[in-house]
Amino acid sequence: MAPPPIVQQKSSSPSQPSGKSEVSDLKLQLRQLAGSRAPGADDSKRDLFKRVISYMTVGIDVSAAFSEMVMCSATSDIVLKKMCYLYVGNYARCHPDLALLTINFLQKDCRDVDPMIRGLALRSLCSLRVPNLVEYLVSPLSSGLEDGSPYVRMVAVLGVLKLYHISATTCFDSDFPASLKNLMLTDSDAQVVANCLFVLQEIWNLEANKSEEANRERETLLSKQTIYYLLNRIKEFNEWAQCLILELISKYIPSDSNDIFDIMNLLEDRLQHANGAVVLATIKVFLHLTMSMTDVHQQVYERLKAPLLTLVGSGSSEQSYAVLSHLHLLVMRAPMLFSSDYKHFYCQFSDPSYIKKLKLEMLTAIANESNTYEIVTELCEYAGNVDVPIARESIRAVGKIALQQYDVNAIVDRLLQFLEMEKDYVTAETLVLVKDLLRKYPQWSHDCIAVVGNISSKNVQEPKAKAALIWMLGEYSKDMPDAPYILENLIENWDDENAAEVRLHLLTAAMKCFLKRPPETQKALGAALAAGVADSHQDVHDRALLYYRLLQYDVSVAERVVNPPKQAVSVFADLQSSEVKDRIFDEFNTLSVVYQKPSYMFTDKEHRGPFEFSEEIGNLSLDQESMDNAPRFDESDKDLLLGTSEREENGGTSINGAATPGYSAPHDYNSSLVPLSSQTQSEPAVTSQTSFAIDDLLGLSMLAAPEPPSLKLNSKAALDPGTFQRKWGQLGVSISQEIPISPQGVGSLTTPQALIRHMQANSIHCIASGGQSPNFKFFLFAQKDDGSASFFLVECIVNTSSAKAQVKVKADDASASEAFFALFQSALSKFGM
Amino acid sequence: MPVAASAIYFLNLRGDVLINRLYRDDVGGNMVDAFRIHIMQTKELGTCPVRQIGGCSFLYMRISNVYIVIVVSSNANVACAFKFVAEAVVLFKSYFGGAFDEDAIRNNFVLIYELLDEIMDFGYPQNLSPEILKLYITQEGVRSPFSSKHSDKPVPNATLQVTGAVGWRREGLLYKKNEVFLDIVESVNLLMSSKGSVLRCDVSGKILMKCFLSGMPDLKLGLNDKIGLEKESQLKSRPIKSGKTIELDDVTFHQCVNLTRFNSEKTVSFVPPDGEFELMKYRITEGVNLPFRVLPTIKELGRTRMEVNVKVKSVFGAKMFALGVVVKVPVPKQTAKTSFQVTSGRAKYNASIDCLVWKIKKFPGQTESTMSAEVELISTMVEKKSWTRPPIQMEFQVPMFTASGLRVRFLKVWEKSGYNTVEWVRYITKAGSYEIRC
């Protein structure tokens, strides 16, 4: 065997000037060498070719030398040939006319005696990707598929896929899929078989929606016969092919339990493969095969644990991350099974933060009676970690474990110790947690309040933490002697308080405190209400006004509203619906697991929302934002905090109520204030609303879909997201109403797109959408088609389980909003018909 | 579609593209700019190795001073993609003679293009085995083995090996002296609490082999692992000999190992590739012998002084010794002055990693050594409480010692010509992540 060749080349980094003079120089030299048969000519050609290639790589356009390169390619030297193929492949696409020049010699090379050259030439020929040269591909491909050398066949098989992507019809007309199918079942060479499988899988998956036949073909790939054929040969395939074959097998539906055990026995040794990707692919097969057999499924988890834990520890941290993400998924599905392995999830100091984060989540999930003490002790170590985000995460993890109800006593002590660490971020995180804990376990209030009372509000800067502290001051003002004075202090600095969230809480806390200790708080409350009413933030203003009027009306009513007896929160809502989790599980061993969302949310263009349509780099930052927006909508369900201003801004009134069951804090009241105040802003809407509500009661709205209204909408309306956002902020709500959706509509609404397309047909366009079943959220807009360019903006929250849509309309021209709403409703009522 | 990659990019640390290959058209050529703008030039770098920007997923990895970025637009198989990159790097290294960095890439454009074309076609991984690729991808080896000019020579059937069943070994190898080298390399990972209790401890080991054997030899390896021994005593119906048996938590093997036979007979038998390879990897969590005990005491005396005392005990056999022992004791950033007393080796303060570094070249077994240091700190306005102590880290190598106690009982070589072989076995234990909290 030849020693590893080290290619020596001139300077390490070629200079990067415009390269014009170099290129013309190269052209000249190539021309001179082109016809030369002198000994050593090949060597000088090689040097020249290498220079051309390195210019090409550093980005100098050397396409000018195309014809010279082609002239020089008439050689038997394989190294030269390869470089020439590379060059041609790189420039053929942008210079299709020049590519025609190469067809001739590539076709000739496809008939060379050397299988290596035949293979390489065929690969280059298929990689030209020039549509009008397709006709030249067919005959070399068909002879390639029948070539005596497996190398050529292997290349030809993937060539078929390339042809399919350039011109699907040519591919089908030449009947290539049938030849591949034949080859797959008969070829002696494993890699040829594997490549056939990849190609057929890809082609039929893409065609499946288009024709019945393709669908059938796709199913034959998953037939017992094919699967067993591949299974029996699996050891002949290389590791990468095995990964893909295992992926195919995981989609196979076994006929009975014997079938399942046969496959598992055949594949068991794959779990010992050195390649982690093969192991993960095998794991997927095992998990999916046993889905229907609960007890076996559990045994499978046990069996998979060891290989997974080994994989986590081997390879680079990126590889560990990929494996850990999968382990994370399994741990979340069956935390009990991993509870004794908690030590494997301890963080190492040198672990990158993305790994630590996953480990923390797993530690939180597997905590139970037997290991809580150790886990919490370990988590407390991380709270002092240098890496601040991880320290925060670990404090949150401690809190979550406490909320899971294990060993709360000790944990509360730990949390209180955190407060004594006197680190700003530790204090901030802990305050938020203590607040959540108190909501669930009011019995701990005494211990907590004693410690919280000692915290100087000056050391708490983060809005969330400050809000939590203020909430506790208000809630427990009776037990905290200083509460009124601390609040007074905070109210004095009202103007310096940037976060509306904090100001809202300050108002409520002042109210609560006043109701408990009137003489001490009266002055502070007065100041707070005055400042609140004058506040520029709508919600703060509204809340202050509400309190003011309440107090004016009757103090005892105010007390009932602000300070009602509270029930402890028993369960905090879960982040993801089980449906989503199952979908991710179905897509085991793919990116979905890493992103922790199903693939349609990140591969489907439409799902990423209209912001995503432009793929230009300039818009990418926007894309990110909208990406973040979609999940936030779901997460708000889960938000442990009380209804915060942030959420109210999102207009999530319905969410608020659902998120905190059994908790009737003033915030709930407050959130219902939003529609109230908005109604006062647009009087005309009220009447229409009530009349519709009566229609609703009588069940008329469904039957009597409103007459086609006179309002005409511009079908080509356009609005950029920025303007939409601005308008949404400026305009008041003119109509806010819940309307029913027909059962057919609910049935069609499996993904947001369905509705978006439907509304688009009615000239109502979507600007952003998100959510999963049963909750979808849409922001839509439409434009009057009378040249006035007046826009209607709509927020529509659809809940498929209750078959209702919560619609809010804002309009440039509020007088037309009623007509628009009728139009909108009629459009929506036709959805799914 | 389980495509592994739509494109692969190699970038230097500034974000310049060194070389790239677009395998499929579903990602735009400018996606790498997105990577540069949204990942490399932001704080995002290093927060997560898988990121999505504008419909494409970027999977990236840093190797020395090069970023290797895989771009996909579909729902790809992440584990496979990362493994592919890791294997590709191994392949490049074996071609470049060891180094893989920016310069190596710049000097080998042509070769890399060729390899990239061979190892992946249209996004599907093909063959990444260096042994096979070296048969036909050569830059200086001049002509392909099939070249017509060499028709006088027997044409080795390389394409069969490219894809064939015994893909990892060529036929017709011949060595004058038949030798096998076997190394058991173990890394001990330890996490010890400040109170001296072991929080977590495991060994990840691998068996590396180097084979210079003629023909198609069959090898059989016996270890003192529990399952193997039990099976053997079962087969030969005789009780297990006294002595330590090791329980392996999990084992993975090189593709050459006959796994069916391993599962039925519990012996490791294989036809080895030529040259160097990793035969197996294993993990052990029970019964680990820690080679070193570390007893730190760190006292903070007031605001500006610290006293550090570290005692290290070697607990392996007295006849053995450890090499390259390094103990790193973290100290606060505002360290001004240090003074040391050590019973062996040398210690100094390394400001760039904020550590006291104590090095001992040779550390005999069953001995102990101490370092005591005084650290003076610059007094600052910041409360010293804000310094959280990172763990003490340790590096070492102990030859002829395995933390797991794993031993080779036999290594049999059988070839039809019946030649004699010389077998060499070595053991070494290294520190993996050996952390002691203080």
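This is a predicted model: local features need pLDDT of at least 70, side-chain atom pairs count only at pLDDT 80 or more; totals for chains, interfaces and linings use all residues.

Colleague: Which residue of chain A forms a salt bridge with Glu118(B), and is Glu118(B) buried or exposed?

Modeller: The closest N and O atoms of the pair are 3.2 Å apart. The bridge crosses between chains, from helix 4 (residues 109-119) of chain B to helix 6 (residues 115-127) of chain A. Buried means under 20% relative accessible area, and Glu118(B) has 3%, so Glu118(B) is buried. The partner, itself buried at 6% relative accessibility, is Arg123(A).

Colleague: How many residues apart in sequence are the parts that the pair Glu395(B) and Lys328(B) ties together?

Modeller: The side chains of Glu395(B) and Lys328(B) meet in a salt bridge, at 3.1 Å from N to O. Because Glu395(B) lies in strand 21 of chain B and Lys328(B) in strand 16 (residues 321-330), the pair ties together separate parts of the sequence. Glu395(B) is partly exposed at 38%, and Lys328(B) is partly exposed at 22%. The separation of the parts in sequence is 67 residues.

Colleague: Which residue forms a salt bridge with Arg517(A)?

Modeller: The closest N and O atoms of this pair are 3.1 Å apart. Arg517(A) is buried, with a relative accessible area of 13%. The partner, which is partly exposed at 29%, is Glu520(A).

Colleague: Which residues are linked with Arg392(A) in a network of salt bridges?

Modeller: The network contains Arg396(A) as well as Arg392(A).

Colleague: Which elements of chain B give two or more residues to the positive patch?

Modeller: The patch of positive charge lies on the surface and gathers Arg346(B), Lys348(B), Lys359(B) and Lys361(B). Residues in such a patch need over 30% relative accessible area, and Lys359(B), in strand 19, is partly exposed at 46%. The elements that give two or more residues are strand 18 (346-350) and strand 19 (355-364).

Colleague: Where in chain B does Asp354(B) lie, and what is its phi?

Modeller: Asp354(B) is in the loop between strand 18 and strand 19, and is buried at 16% relative accessible area. Most residues other than glycine have a negative phi. Asp354(B) is not a glycine, yet its phi is positive, at about 55 degrees.

Colleague: What is the phi of Met400(B)?

Modeller: Met400(B) is found in the loop between strand 21 (392-399) and strand 22 (408-414) of chain B. Met400(B) is partly exposed, with a relative accessible area of 43%. Its phi is positive, in a residue other than glycine, and is near 60 degrees.

Colleague: Is Trp240(A) buried or exposed, and which residues does it touch?

Modeller: Trp240(A) lies in helix 14 (residues 239-250) of chain A. At 1% relative accessibility, Trp240(A) falls under the 20% limit and therefore counts as buried. Leaving aside residues up to four places away in sequence, Trp240(A) touches Asn275(A), Cys80(B), Lys83(B), Phe84(B), Glu87(B), Pro125(B), Gln126(B) and Leu128(B).

Colleague: Which residues does Leu490(A) touch?

Modeller: Leu490(A) lies in helix 26 (residues 483-492) of chain A and counts as buried at 10% relative accessibility. Not counting residues up to four places away in sequence, Leu490(A) touches Ser457(A), Lys466(A), Ile470(A), Leu473(A) and Leu506(A).

Colleague: How many residues of helix 1 of chain B are buried?

Modeller: Helix 1 spans residues 31-40 and is mostly covered. The buried residues include Met31(B), Phe35(B) and Ile39(B). Of the ten residues in the helix, the number buried is eight.

Colleague: What percentage of the residues of chain A and of chain B count as buried?

Modeller: Chain A comes to 43 helices and five strands, whereas chain B has eight helices and 23 strands. For the 833 residues of chain A, the buried share is 59%. For the 438 residues of chain B, the buried share is 56%.

Technical notes: Residues are numbered from 1 along each chain as its sequence is written. Chains are lettered from A and ligands numbered from 1 in the order in which they are written. Side-chain values use heavy atoms; hydrogens and water are left out. Patches are made of residues with over 30% relative accessible area and no salt bridge: like charges are joined within 9 Å, nonpolar side chains (Val, Leu, Ile, Met, Phe, Trp, Tyr) within 5 Å. Accessible areas come from the Shrake-Rupley method with a 1.4 Å probe; for residues, only the protein chains shown count as cover. A salt bridge is a side-chain nitrogen of Lys or Arg within 4 Å of a carboxyl oxygen of Asp or Glu. Lys and Arg count as positive and Asp and Glu as negative; His and the chain ends are not counted. The place of a charge is taken as NZ of Lys, CZ of Arg, CG of Asp or CD of Glu. Helices (H or I, at least four residues) and strands (E, at least two) are DSSP runs, numbered from the N terminus. Buried means under 20% relative accessible area, exposed over 50%, partly exposed in between (1.4 Å probe, protein chains only). Contact means heavy atoms within 4.5 Å.
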